[in-house]
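Subject: Structure handover

Hello,

Please find the structure below. My notes on what was found follow it.

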Protein chains: 2
Amino acid sequence: MDGYNRNGDLKPMDAEQFREHAHKMVDFIADYYKTIENFPVLSQVQPGYLRNMLPDSAPNHPESLDDIFNDVQAKILPGVTHWQSPNYFAYYPSNSSIAGFLGEMLSAGLNIVGFSWITSPAATELEMIVLDWLAKLLKLPDEFLSAGQGGGVIQGTASEAVLVVLLAARDKVLRRLGKNALEKIVVYASDQTHSAIQKACQIAGIHPENCRVIKTESSTNYALSPDILCEAIAHDVAIGLVPFFLCATVGTTSSTAVDPLLALGKIAKSNGMWFHVDAAYAGSACICPEYRQYIDGVEEADSFNMNAHKWFLTNFDCSALWVKDRTALVQSLSTNPEFLKNKASQANMVVDYKDWQIPLGRRFRSLKLWMVLRLYGIENLQCYIRNHIKLAEHFEGLVAQDPRFEVVTPRIFSLVCFRLLPPRNNEDNGNKLNNDLLEAINSTGKIFISHTVLSGKYILRFAVGAPLTEERHVTAAWKVLQDEASVLLGRL
Amino acid sequence: MDGYNRNGDLKPMDAEQFREHAHKMVDFIADYYKTIENFPVLSQVQPGYLRNMLPDSAPNHPESLDDIFNDVQAKILPGVTHWQSPNYFAYYPSNSSIAGFLGEMLSAGLNIVGFSWITSPAATELEMIVLDWLAKLLKLPDEFLSAGQGGGVIQGTASEAVLVVLLAARDKVLRRLGKNALEKIVVYASDQTHSAIQKACQIAGIHPENCRVIKTESSTNYALSPDILCEAIAHDVAIGLVPFFLCATVGTTSSTAVDPLLALGKIAKSNGMWFHVDAAYAGSACICPEYRQYIDGVEEADSFNMNAHKWFLTNFDCSALWVKDRTALVQSLSTNPEFLKNKASQANMVVDYKDWQIPLGRRFRSLKLWMVLRLYGIENLQCYIRNHIKLAEHFEGLVAQDPRFEVVTPRIFSLVCFRLLPPRNNEDNGNKLNNDLLEAINSTGKIFISHTVLSGKYILRFAVGAPLTEERHVTAAWKVLQDEASVLLGRL
């Protein structure tokens, strides 16, 4: 029998059983995509739903793949929130694609652990090459290419990207000032910066009172003001603190605000600070010449990050990080135990990505990004981005035509921030109303959107970016929103 | 045409094109496994080999899947070190299996991002359930189960596991002593502890002079001595330092040393320290009743870690971590930005794994572990482990029969530490000889082994654990070793 040898021992990697079972899984997933619109987008299960549906312990004897498929269908899928549904408009997208999926398959099939060059030279070298490709596509300055002192690396997430550069910057300044200066070093970001910066500061031991969260205003469309930053820095310097890290964002999570990189970068440079640019979401758009302007000023950055797993058809996880000074990363993150020593590493002939990241082990991370770039090509990828932005424009237009709603911030990329206006003389400022609308809409299972708060206002976010989304889905989503709004307003 | 719509726009998730292409990839990978023994196990390419084989930039227009397959075959596979080869005996294994691979496929197919419960309840709940299953299989104390104050979580790697618990422990002690006490808090581990602890300390800002690396001896088979630990702690306390974290290992990376958990745990407890047990490699063996003894004393631990991606047939990455006090993790790692708030989280009705790990985003991590447990069942998994240990015994026996070699440390699990003895009157103490032997063997491409240094001796490590390895591979590997040794000794 396939899967066992003559003694009845398990053969867990029998090639023919692999073939048979993996083909079945391909069909299962293809069928999932065919029927994905039949599921409620946001899972409607209650907390704890799964516990009683599954046994208390692992089985002693093997179960069949059909048992698994039945359980996935009956027990797992009802608890899935369908990020790949064309009716998914929450948070930011997490793109899957055929190319990304094939890359995942090959990576899982080879199942190498590429911590050092020697453990699979192709894994390290392809990553260097493909991140050079992507850097060129984004027209990043040459200092970010691997040919010089810098280079790119794939992290799991933007949180890890900002953490590793924060650690590099922390250790750089502490090497100069001594490690007891930890209590004096200060991080700057805006109140729109992703919470990842706060978490990175917690991990790195930056004192919470030294994390400056600079307030932004609707007047600047929630961009970080260079003037206010300068004031904050001057104040800190005056009281003996040491500014060392600035995080700017291109396309904030709440509203796609774009911080003015050039002005901020010059401030960072003149104060000897590390300047990190988080373009996790909007970076993908910058492969289109007409959107490249939003990262103008990236020449001033020490590090730049974009998530290929968000809006670039590369399955989660794949967060591309570039640095100009790879030595700074390596100084913070390297270890060199005897059991990993090898000729190529000891001779400094190679990059060992273990020293550019938090974990030791790492997958063959670049395969899927390489396949996305090759199987689709640059022009298709640009069209893909432009199409989503056009769909967001379409949605924005629909909102603008309905006087019961307002678009809250100017739309730049594929996110529309809007809200239902509270009726005149209503005691609610609209926050409860919009929260109720959000809950009502997401409870339908027809679409899934999320929210934020800007200047105290509860805002609905409509983020276009799922690979299957077409104009008809956006139009239908707006109908759901209008209908639920009518119900809610009718009750007031 | 599949893959494009009527306007010629890309359809990156067309279900029928997905089906067609993914079936091709299944066959490609199945064929890889059929022919895996034809490749040199350790890649024999030179640094920089790939750069000139690939273009300088991404293509403007799509390339075909056949182009990709051709390039993988001709350019990528020569640069792959084949961790799944039956002749792979280096480091520790990184198991793939059909079940693990199917889990990867499904996870990549659904492509959800499970940071909060709401973003796919099934992802959080299945992980809780499956880690409870595995905890029961390992007979971990009930405090590690999710029903109480503890619970399990899947990290990417053991490095991340030790980092998150170190952060939890750091913040716990600093909440008591104030954050300026950072310079006073001390971490203890042995000189056999994985370098991940050193890296975690660097990241967490623990002062390097406060990282106690306690020397081990061959007389205790490189286990951490409770007496020496006690002395070190007493000395530190006497000079005003604060011991706060102890890392013990069951199955060290160099030689599978087993630290005495019970005695160490009691010392940690009586000094108010966090006690972490790293069983990254050997934890898998502890599902067999006859090996469970090696984690006796785990009742004293605050956290316990084993890597299902090493020797438990679950494709990389999958590192299972359990804690007794999940609140400590959450206190260190949680953030709660407005844009992620939701009813279930705000009401504290659910676990949000984003607060148990470094990154925000996370895959549907438990699917592959669930499939491994179900498709193989406990008895097969136990046989799988026992078979590898038997093969290691077989290899140990072969080494013992050849008087030119010695087995250096007692074999406990599936790793054999051995060396070629230097000829009498030879000026080399054997270190160069064994390094030469390692290089010679790995250059053949027939097998891949790695090394370590114990008490100044250069040691060869033969780690059995690849899913395809059978007795004939072990026997043939020994022949390669003997032949190369004969060549080397003949030259002296």
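A pocket here is an open set of points on a 1 Å grid over the protein atoms alone, where a 1.4 Å probe fits, with protein on both sides within 12 Å along at least five of seven lines; its lining residues have an atom within 4 Å of a point. By that rule the largest pocket is lined by 42 residues, and A:Ile197, A:Gln198, A:Gln202, A:Cys211 and A:Val213 lie nearest its centre. Two or more lining residues each come from strand E2 (185-190), helix H6 (196-204), strand E3 (211-214) and strand E10 (450-454) of chain A, and from helix H5 (158-177) and helix H10 (326-333) of chain B. Helices (H or I, at least four residues) and strands (E, at least two) are DSSP runs, numbered from the N terminus. The volume of the largest pocket is about 900 Å³, a volume being the space filled by probe spheres set on the points, with grid points joined across faces, edges and corners. Its lining divides into 15 nonpolar, 18 polar and nine charged residues. Nonpolar covers Ala, Val, Leu, Ile, Met, Phe, Trp, Tyr, Cys and Pro, charged covers Asp, Glu, Lys and Arg, and the others, Gly among them, count as polar.

This is a predicted model, in which local features need pLDDT of at least 70 and side-chain atom pairs count only at pLDDT 80 or more, while totals for chains, interfaces and linings use all residues. Residues are numbered from 1 along each chain as its sequence is written, chains are lettered from A and ligands numbered from 1 in the order in which they are written, and side-chain values use heavy atoms, with hydrogens and water left out.

Now the interface. In chain B, 153 residues are in contact (heavy atoms within 4.5 Å) with 154 residues of chain A. The two chains bury about 14,100 Å² between them, 65% of it on carbon and sulfur atoms; buried area is the accessible area (1.4 Å probe) lost by two parts on being put together, summed over both. On the chain B side, B:Met13, B:Phe339 and B:Arg374 lose the most area to chain A, together 6% of what that side buries.

Between chain B and chain A there are 20 salt bridges, each a side-chain nitrogen of Lys or Arg within 4 Å of a carboxyl oxygen of Asp or Glu. In one of them, B:Glu16 pairs with A:Lys34, the closest N and O atoms being 2.5 Å apart. Helix H1 (residues 15-34) of chain B gives the largest share of the side that touches chain A, 18 residues. Another salt bridge links A:Arg19 and B:Asp27 (3.0 Å, N to O). A:Arg19 lies in helix H1 (residues 15-34) of chain A and B:Asp27 in helix H1 of chain B, so this pair joins two chains.

Last, the backbone. A cis peptide bond joins A:Phe316 and A:Asp317, with omega about 5°. A:Asp317 sits in the loop between helix H9 (308-311) and strand E7 (319-323) of chain A.

Regards
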